[in-house]
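Here is a friendly walk through the model, written for someone who may want to follow along on screen.

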Amino acid sequence: MSKKILAIDDDESVIWVIRKALEPLGCEIEAKMSIRSGLKVVDKYKLILLDLMLPDGNGIDALKEIKTFNPDALVIIVTAHGRMESAIDAMREGAYDYLEKPFDIEELEIVVEKAFKDISMREELLTLRQGKEEAMPFQKAGQIIGKSRSILKVFKEIGRVAPKDVTVLVSGESGTGKELVARAIHNNSRRKFGQFVAINSASIPKELLEAELFGWEKGAFTGAVEKTAGKIQAADGGTLFLDEISELDIDLQAKMLRFLQEREYSPLGSNKVIKSDVRIIGATNKDLQECIKGGLFREDLYYRFNVIEIKLPPLRERREDIISLARHFLKECIRAFELSQKDFSKDAEKALAGYNWPGNVRELENTIKKASILSRGSLLERRDLFANDYNACSIKEFLESKLNGFLGKMTKIENSNLYETVISEAEKALFNIVLKETKGNQVKAAKILGINRNTLCKKIKEYKIVV
Ligand SMILES: Nc1ncnc2c1ncn2[C@@H]1O[C@H](COP(=O)(O)OP(=O)(O)OP(=O)(O)O)[C@@H](O)[C@H]1O
Ligand SMILES: [Mg+2]
C-alpha cells in the first residue's frame, strides 16, 4: 500500500518536521497551507494531518468538511500546546488521534504507522466481505423483503421468538414465505450452527413419513435393509421444520404429541429411547381450528405446536410490498441468469401492484422469473408479465375504465337511452369476436359464451351479425 499523507498546516517548519520524520518510513507527503487548498485534494488521501489553527478557518470545521467529502479518511489533528479542549472536540467530531506541537518525532511515527495498519486491516475486511457475498449464488439468500406494517410486525415477532427455544407455528396461505420465516428464526437463534431440516408432511406418503421422521432399525419393515437415522436426529442441535402439519396422519399425530411432550422417541422397530435436542417449527396453510372441528387434527397437538403463532398475511393484503419484491426478484434473475439490465415499465408496475396474487410471493417470483427470461427488450411490459392472464386486468376493471372514458363524453347527449345502447353494443361486440374466433361455428361459439345455441341464433338475427 502506498503511504500517501496530506498535511494541512500553514507553518512551514511543522511541514519540514513531518517530512523529516515520515519520509524515511516510505511516506509521501503533500503539503497544503490552507483549508481551501487542502479540501480540493482531500478525496485522494486516506490519512490526513490537520492543524487546528489555519489562516482561512478553524480546524474543527475543516474536519467536518473532510468527513463529508471523504468519510473513510483518518484525520490526525495537530494542535498547539495548551489547546486541549479543541483536541477533545476534534476527537468527538471523529478525528482518529491528536498530536501536540511541538511534537515528538517518535510519537508522530507511531501514530502514523498505527493509522496505516488500521487502514489496511479495514480494506482487507472489506475485500473479504465482498468476496464472500460474490461467492453466494443468491447474494441475499434468505432475506425477507418488505416494508409493510404487517411484514414489519413479522420481523419483530421473529426477533422476539428466535432466541427462545419455544415451538413456533407459522401460518399463512401457500407461497406467503412460511419456510423463509422458519429459516430466519433458525438463523437468528443459538441453533444457527446446527442443521435446519425441513420435511413436508403433505408430499410424503403417511407410512413413509413416520420412518422419515423417527428413523428405523434394520428389518423394521420390508425394505429396511439398514439401520437409518431419521430427520429428527439429523436436526439434533438445530431446527426441524415440519411443513403442512394439518396433513399429518391421525396416528402419527399421537406419536408427534408424545415427542413434543417428552422430547424423546424410538426409531421404528426399536425399543431404544433417544433423547433429542431439536427445536420444532410447524407450518400450516389450513385453518387448524377448522381441522380440529372436523376431527382431522388433535386439539392437544395444536396447543403443543401453537405456543407462539406467526401469521403471514397474503400478499394482496400488503400491496406496498409487491413492487419491492418484484424489483428484488428481477435483480436476482438478472444476476443468476446473467441477463442484460432490465426494468419494469410504469404500466407493468401498475399491473403488478393491482393483481391479486392468489399464489402469493411464490407466484410473483415465478412470474418475474419467466418474464425476465422471455422478454427481449430492456423494459418489462404488462404483456410480458401477464401473457394470457385475464386476471391481470379483470373484465370489471376493463369495462369500468372504458365506460368511464366514454360516459364522460356522453353528458351532452340527451335521450340517449344509455342502458340499451351500452348493453346491446357490448353484446354485439362480444358475439362478433367469439364468432370470428370460432370461424362462424355456432355450436363452439355458444359453448365458449356459456349460452345455449338457440339464444345465440336469436341474437345473431336480432343484431344482424354476418356470420
Ligand atoms: N418476503 C419475502 N422476501 C423475499 N422472498 C420471499 C418472501 N416471501 C416469500 N419469498 C420467496 O417466495 C417463495 C415461497 O416462499 P416459501 O416457500 O417460504 O412459502 P411457503 O409459505 O412455505 O409456501 P407453501 O405453503 O406453498 O409451502 C420462496 O422462493 C421464497 O424465497
Ligand atoms: Mg412451504
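## Ligand shell and core

The shell around ligand 1 takes at least three residues from each of domain 2 (161-312) and domain 3 (316-393), with domain bounds that come from an automatic or database domain assignment. This is a predicted model, in which local features need pLDDT of at least 70 and side-chain atom pairs count only at pLDDT 80 or more, while totals for chains, interfaces and linings use all residues. Residues are numbered from 1 along each chain as its sequence is written, and chains are lettered from A and ligands numbered from 1 in the order in which they are written.

Back at ligand 1, 17 residues surround it, and the closest are Ser-174, Gly-177, Lys-178, Glu-179 and Val-361; a residue belongs here if its C-beta atom, placed from the backbone, lies within 6 Å of the molecule. Helix 7 (178-187) and helix 15 (360-374) are the elements that give two or more residues to this shell. Helices (H or I, at least four residues) and strands (E, at least two) are DSSP runs, numbered from the N terminus. By type, the shell has five nonpolar, seven polar and five charged residues. Here Ala, Val, Leu, Ile, Met, Phe, Trp, Tyr, Cys and Pro count as nonpolar, Asp, Glu, Lys and Arg as charged, and the others, Gly among them, as polar.

Next comes an open sheet of five strands in the order 9-10-13-8-14, with parallel pairing; two strands pair if DSSP finds at least two bridges between them. Strand 9 (196-200) and strand 14 (308-311) stand at the edges with a single partner strand each, so one side of each has no neighbour in the sheet. Strand 8 (residues 168-171) runs parallel to strand 14 and is joined to it by four bridges. Val-170 has Ile-310 as its bridge partner in strand 14.

Val-170 turns up again in the largest nonpolar core: of its 37 residues, Val-170 and Val-181 touch the most other members. Such a core is a set of buried Ala, Val, Leu, Ile, Met, Phe, Trp, Tyr and Cys residues joined through C-beta atoms within 7 Å, where buried means that 20 or more other C-beta atoms lie within 10 Å of a residue's own, placed from the backbone. Helix 8 gives the largest share of this core, four residues.

Definitions and conventions. Buried ≥ 20, exposed ≤ 12 C-beta atoms within 10 Å, placed from the backbone.
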